[in-house]
Amino acid sequence: MDTKISYRSLDDPDRSFRLIKLHPSKDNEIATSDNLVCDIEEHFRGDCPSYTALSYVWATPESKKEDIIANGTKVQISQTVENAWKLIPYSLFTSSKVFCS
């Protein structure tokens, strides 16, 4: 399984950053690791969509991992992150919120 996300360097590392945009699960269903899908987008400070930051503790290399789809590629994330993402209410997705990694 390909677990590396391919992306290029930031256009302007001093002014730009990446946001993770989570897609809502289908038919308002409860999110599971089988249906977590996101895109990683580059934005410039001061010219980006509104977003909600999600803070979490990084897992150790030995921690359990879960598969998600990021930019069309199956990748692994820590179970800690997956659990947090599954708790985000569907209503936040419908307002096109973008969540920071």
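Residues are numbered from 1 along each chain as its sequence is written, and side-chain values use heavy atoms, with hydrogens and water left out. Because the model is predicted, local features need pLDDT of at least 70 and side-chain atom pairs count only at pLDDT 80 or more, while totals for chains, interfaces and linings use all residues.

**Exercise 1. Determine which strands pair with β2, and in which sense.**

Step 1. Helices (H or I, at least four residues) and strands (E, at least two) are taken as DSSP runs, numbered from the N terminus; on that basis the chain holds 2 helices and 6 strands, in the order β-β-β-β-β-α-α-β along the sequence.

Step 2. Two strands pair if DSSP finds at least two bridges between them. Strand β1 (residues 16-22) runs antiparallel to strand β2 (residues 37-44), and 7 bridges join them; Ile20 stands opposite Ile40 in β2, and Lys21 has Asp39 in β2 as its bridge partner.

Step 3. With strand β4 (residues 65-70), β2 pairs in the parallel sense over 2 bridges, and Cys38 has Ala70 in β4 as its bridge partner.

**Exercise 2. Identify the residues of the largest nonpolar core and the elements that give two or more residues to it.**

Step 1. Buried means under 20% relative accessible area, exposed over 50%, and partly exposed in between (1.4 Å probe, protein chains only). Of the 101 residues of the chain, 26% count as buried, and in β1 this holds for 5 of its 7 residues.

Step 2. A nonpolar core is a set of buried Ala, Val, Leu, Ile, Met, Phe, Trp, Tyr and Cys residues joined through side-chain atoms within 4.5 Å. The largest has 12 residues, namely Ile20, Leu22, Leu36, Cys38, Leu54, Ile68, Ala70, Val75, Ile77, Val81, Trp85 and Ile88.

Step 3. Two or more residues of this core come from each of β1, β4, β5 (73-78) and α1 (79-86).
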